[in-house]
Amino acid sequence: MADIEALITILSANGNIGKNRPVSSGYRPAHLVRPDYLTTGIHKYETDIVEPGDTVKGTITFITPEVYPESLWIGKIINLQEGARLIGYAEVTEIYNELLRKKEI
């Protein structure tokens, strides 16, 4: 089951940012879930292909979410990366895995 739903934007290539090719469900970029922690996640999109420059709704299933509990909230922006290269971002719209939900103070 997916951990979150998000609006996912794949940036168009511009210098050392973005991508020149489309992506599809099953894409596994790195996600900056905390300022000090990158993790991999599997994307599933509501469309077959996401072109650079497009924003789509999709879900992300993270690996080892128990390592970064309480790190997400609705509206959080997560950078998507391939190595150090920023290729897009995901805005959290729904959290399915309660372990990841930041507790209110």
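Modeller: Let us begin with Phe-62, which counts as buried at 5% relative accessibility; buried means under 20% relative accessible area, exposed over 50% and partly exposed in between, with a 1.4 Å probe and protein chains only. This is a predicted model, in which local features need pLDDT of at least 70, side-chain atom pairs count only at pLDDT 80 or more, and totals for chains, interfaces and linings use all residues. Residues are numbered from 1 along each chain as its sequence is written, and side-chain values use heavy atoms, with hydrogens and water left out.

Colleague: How are the rings of Phe-62 and Tyr-68 placed?

Modeller: Their centres are 6.2 Å apart and their planes lie at 90°, so the pair is edge-to-face. Rings of Phe, Tyr and Trp (its six-membered ring) pair if their centres lie within 6.5 Å; planes under 30 degrees apart count as stacked, over 60 as edge-to-face and the rest as tilted.

Colleague: Is Tyr-68 buried or exposed?

Modeller: Tyr-68 is buried, at 1% relative accessibility, whereas Tyr-37 is partly exposed at 23%.

Colleague: Which residues form the aromatic cluster?

Modeller: Tyr-37, Phe-62 and Tyr-68 form one cluster.

Colleague: Changing topic, where does the charged end of Lys-102 sit?

Modeller: The charged end of Lys-102 lies over the ring of Trp-73, 5.1 Å from its centre. The rule asks for NZ of Lys or CZ of Arg within 6 Å of the ring centre and within 35 degrees of the ring normal.
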